[in-house]
Amino acid sequence: MLEPLDGPNEGIFWLTLCRPEARNAIGRQFLRELRECLATVAQERTTRCVVVRSTVPGVFCAGADLKERAGMSAAEAATFVRELRETFGQLDALPMPTVACVDGFALGGGAELALACDIRVCGRDTQLAFPEMRLGIIPGAGGTQRLPRIVGTSRAKELIYTGRRVDVHDALKLGLADHIAEESSSEEVALRVAREIAQGGPVALRLAKAAISLGSELDLASGLRLEEACYAQVIPTKDRLEGLAAFVEKRQPKFTGE
């Protein structure tokens, strides 16, 4: 479910996971609805941040729906995993910043879903794991690629080979978590982070994300050229002029995404 916020949270969207009867396990219908939400929010020009959360107590996402998977043929399973990988790629490629609000279990595909977000905020009871080895499979929705880029190759191998669960404090040490909610709820902390992000101009946020995400795959010289090209796109915007005017007038800027 997709929900725009207002008031002090204007410019922020909730993307809510809610399949309580299956602990947010990802089946065909769940995946179809997630893709539709991502396609919709990608078109929102003034959206500054999307927060992915669960409203199912004790679980962010339990991974793939293995009961549904058991009834699939080999070809159907391959198609489903490809669509799952593409959907998480769609989340990763959203033009605006994204925050995963992870509370409770994030297992297999659930952990891969969190990895596809830019920033991860974890609650006190968070447990992340990649248990695919014990099912005779491997992470297939981006885990073998995104996890090493976040925690390093050797740590990623150990987590995937063993399937061990990582609590919130280990997640912070490893870099799997960027913030942990010790005294507040994970949603409160995630919204605080999102509000800080939303103070930036929508165009600038999108170009900063593009420069970082695409540039991280390039050599330094190519990355600097990419940065130059992205910066060139903010120069003619009304938001840049508004930012300068607000600075001179000592007030908060009123960005419009133009």
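Author: On a 1 Å grid over the protein atoms alone, a pocket is an open set of points where a 1.4 Å probe fits, with protein on both sides within 12 Å along at least five of seven lines; lining residues have an atom within 4 Å of a point. The second largest pocket here has a volume of about 410 Å³, where a volume is the space filled by probe spheres set on the points, which are joined across faces, edges and corners.

Author: A word on the model: it is predicted, so local features need pLDDT of at least 70 and side-chain atom pairs pLDDT 80 or more, while totals for chains, interfaces and linings use all residues. Residues are numbered from 1 along each chain as its sequence is written, and side-chain values use heavy atoms, without hydrogens or water.

Reader: What makes up the lining of the second largest pocket?
Author: Its lining has 23 residues, with Ala64, Gly109, Glu132, Leu135 and Ile137 closest to the centre. Helices α2 (66-70), α3 (74-92) and α4 (109-115) each give two or more residues to this lining. By type, the lining holds 13 nonpolar, 5 polar and 5 charged residues.

Reader: And the largest pocket: how many residues line it, and which lie nearest its centre?
Author: The largest pocket, of about 610 Å³, is lined by 21 residues, and Asp92, Asp118, Ile212, Ser213 and Ser216 lie nearest its centre. Strand β7 (119-123) and helices α5 (143-151) and α9 (202-215) give two or more residues each, and α9 has the largest share, with 5.

Reader: Which residues have the most contacts inside the largest nonpolar core?
Author: They are Phe60, Leu147 and Leu176, in a core of 46 residues. A core joins buried Ala, Val, Leu, Ile, Met, Phe, Trp, Tyr and Cys residues through side-chain atoms within 4.5 Å. Helix α1 (residues 28-42) gives the most to this core, with 6 residues. A second, separate core has 17 residues, including Leu5, Val99, Ala194 and Leu205.

Reader: Why is arginine 23 called partly exposed?
Author: Buried means under 20% relative accessible area and exposed over 50%, with partly exposed in between (1.4 Å probe, protein chains only). Arginine 23 has 41%, so it counts as partly exposed.

Reader: How do you know that asparagine 24 is buried?
Author: The relative accessible area of asparagine 24 is 0%, which is under 20%, so it counts as buried.

Reader: What is the phi of asparagine 24?
Author: Phi of asparagine 24 is near 60°, a positive value in a residue other than glycine. Arginine 23 is not a glycine either, and has a positive phi of about 55°. Arginine 23 lies in the loop between β2 (12-17) and α1, and asparagine 24 is found in the loop between β2 and α1. Most residues other than glycine have a negative phi.

Methods: Helix = DSSP H or I, 4+ residues; strand = E, 2+ residues; numbered from the N terminus. Nonpolar A, V, L, I, M, F, W, Y, C, P; charged D, E, K, R; others polar.
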